[in-house]
Amino acid sequence: MAIKEVQTTCCYCGSGCQLLFTADTAANKILDVRPTWGRTNDDKACLKGWYGWDFLNDPQILTRRLRQPLIRRGGKGTPLAPASWDEAVAFVADNLKKIKDRWGPDSIMGAASARGPGNEPNYLMQKFMRACVGTNNIDHCARICHAASVAGSRQTIGEGAMSLSIPEIEDAEVIFNIGYNAAASHPIVARRIVKAKEKGAYLMCADPRVTETSRISALHLQLKGGTNLALTNSMAHVIIAEGLEDKRFIQEHTKDFEAFKAIVEEYPPERAAAITGLAPNDIRLAARRYAGSRHSVILWGMGVTQFSQGVEVVKSLCSLALLTGNFGRPSTGTGPVRGQNNVQGTCDMGVLPDVFPGYQSVADPEARAKFAKAWGVESLPAGPGLHLTRVPEKVVHEKDPAKRIHAYWIFGEDPAQSDPDLAELRETLAEIDFVVCQDIFMNKTSRQADAILPATAWGEHEGVYTSSDRGFQRIRKVVEPVGDVKDDWEIICLVSTAMGYPMKYAGAEEIWNEMIDLCPKFAGATYEKIERQGSVQWPCWDKGPQDRGTMYLHKDGHFATPDGFGLFRTAHYHPPVEVENADYPLTLCTVREVGHYSARTMTGNCRTLRNLEDEPGWVQISPEDCQTLGVDDGELVSVVSRRGRVITRCKKTERVKKGAVYMTYQWWVGACNELTISSLDPTSRTPEYKYCAAKVEKIDDQQWAWQEVARLYSQLRDDMGIQQIGKAVNQ
């Protein structure tokens, strides 16, 4: 037995926790894992940190690891069959070249990964799309979660990231949690919130449900779903009306206050109360408490961003902080706490339709010239590319073939599980001429792929993640990959080279060095500095040891806008796009749970985590609605919207109000995204996952229902090839 210890960054949420693995190198097996000290986690970990590595052993509980390339040699409708890497790379490259030659570069879409691969492969993916294909059609799952945070923060304070660091949270005096439950999304961040309370912080929580966060809060603003903007506008109204604003800060560091004031004047607490269902005095109390501290922090999650007014709410939250001067000091500011482990990093790498790496605009001629020269091409496209949530629009709803998406390379994501209105998404994938999936597991999307390229997983390669608070941290190889798989960056290089744009690197560090040389705000974050410090928070402008990175942004009230001034922005409230009615009397909202992650292909293949919960998931229903429907806790029910129907279990709970139901999205049978609506925020193009009209129906024959769940689950697992390893995998 040959033992080694390897420290790496957890592959789950954006907290960036550090884990220490003990592995037997002779047996290529993990023996133990324990949390170790890191800047954000001290020496603590959550359930996923302790038990979320078991998928590396490929237990095939939910699906199976991909171990060799698979292609459909006969085209659509024919079986996926094993292929060599040479054949698979040629197959992908030839099809992409044919589509580009016939329909142009904008007929190809790329979706990259905010999960296991790390920053370096994501940098190469956007480089491939821009320099090899010639399009800005590159995006990733931030589009369906925190894109509204990026857009709204950019338009007000110039930087679409957390302005403070995770450790600073515990020294805040007031914490305003809105649409965010850290206990489920980021348990290690939740520890900081608990510590803040222990130190005397005043906690406020705006959430339609009774969550773990609301239970420890001094003030729970249990507002009606979809009414965030009415609340934040009203808080601003109170602050201005009562003279609680920081007049000096506003005068010296901001612009457009009067226009902002004119809008919020129309939202006195009495009017906001009629919209939100809150008591007017609770709104006043929240405003006074927030404005009464020099160390007030706003933390938000997808309960803010996944609405058709998500960007406007983010702008109003940033404006609340501007209004009270709560920027530019320790333990103050705004915190869009990013969900997946590397969703911040994938944005940093330019995997967005309108920016190069380092948030340099594709519309900027100087930026285009710089990247074109570095990448060895004559020019790069100037127009913003397509958001991935608009792909159905450019396939099933586009009549002109010249304007359609004809090829889709999906790298490390599962849109057939995570996107809204899944029936439409499946139709979209079926109609696209050529679909490539690059992943570590068979999943719902790969069932419709024309080529599958198997990659190494977290724990099997080297690289860098960016934590939610802008911290670059190393990920390291713990075990050797099994099977005929390749690093994600190498796969991209092989296809690009086969398409006539050679890319070749010795390893992840060489890719990283190319990236930081092109991105001034990342320039000082060398591998050496990350190794020495454990983490480097951007901006880090200088490679010298004196620049250790930036703990908090907007120091001394200087913002990342072109002229350094913060911009007040908000809008008038409007209801969600689809509201409840007589046929669909309930509102459906998607939420997270602590034991599983994303589309569940990783955590669902970890034995301990799978034992916590399994198919078909749950729908949370109030006791009053359960009584009306005649259903009880644990019974199978049908949840129905205009877009679909799923079977799941009833979770009778007083945590939710009458008239609203909640589901988590990772279940395959109880897949709530069969029901969600594809209406988008007009700026960020983020779907309104948090609100649509639905109904719950009682199932009288429970025996049949359980048999149907078992049948559907078995069919899905068969489709994933659980029983067909090494053979042709039929769709």
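Reader: How does the radius of gyration of the protein chain stand against that of a compact globule of 731 residues?

Author: The radius of gyration is taken over C-alpha atoms, and the globule rule is 2.2 Å times the number of residues to the power 0.38. For 731 residues a compact globule would have a radius near 27 Å, and the protein chain, with 25 Å, agrees with this. Along the principal axes, the C-alpha atoms fill a box of roughly 70 × 70 × 60 Å. This is a predicted model, in which local features need pLDDT of at least 70, side-chain atom pairs count only at pLDDT 80 or more, and totals for chains, interfaces and linings use all residues. Residues are numbered from 1 along each chain as its sequence is written, and side-chain values use heavy atoms, with hydrogens and water left out.

Reader: What pLDDT does the protein chain average, and where does pLDDT stay under 50?

Author: pLDDT is the predictor's confidence in each residue, from 0 to 100. The protein chain averages 94, and 99% of the residues score at least 70. Over residues 724-731 pLDDT stays under 50. For that segment the model has 24 contacts beyond four places in sequence, a contact being heavy atoms within 4.5 Å.

Reader: How many helices and strands does the protein chain have?

Author: Helices (H or I, at least four residues) and strands (E, at least two) are DSSP runs, numbered from the N terminus. The protein chain has 24 helices and 28 strands. Of its contacts between residues at least 6 apart in sequence, 73% join residues at least 24 apart.

Reader: What percentage of the residues is buried?

Author: Buried means under 20% relative accessible area, exposed means over 50%, and partly exposed lies in between (1.4 Å probe, protein chains only). Buried residues account for 67% of the 731 residues.

Reader: Is Val150 buried or exposed?

Author: Val150 is buried, because its relative accessible area is 6%. Val150 belongs to helix H4 (residues 147-154). Beyond its neighbours within four places in sequence, Val150 is in contact with Gly160, Arg338 and Cys347. Between Val150 and Asp256 there are 106 residues in sequence and 20 Å in space, C-alpha to C-alpha.

Reader: Which peptide bonds are cis, and which residues have a positive phi although they are not glycine?

Author: Most residues other than glycine have a negative phi, and most peptide bonds are trans. Here, a cis bond joins Trp538 and Pro539, with omega about 0°. Pro539 is in the loop between strand S21 (536-537) and strand S22 (566-567). The peptide bond from Glu615 to Pro616 is also cis, with omega near 0°. Pro616 sits in the loop between helix H22 (607-612) and strand S24 (618-621).

As for positive phi, Asp42 has a value of about 50°. Asp42 lies in the loop between strand S3 (29-35) and helix H1 (47-51). Arg685 has a positive phi of about 60° and is in the loop between strand S27 (660-664) and strand S28 (692-698). Arg685 is partly exposed, because its relative accessible area is 27%.
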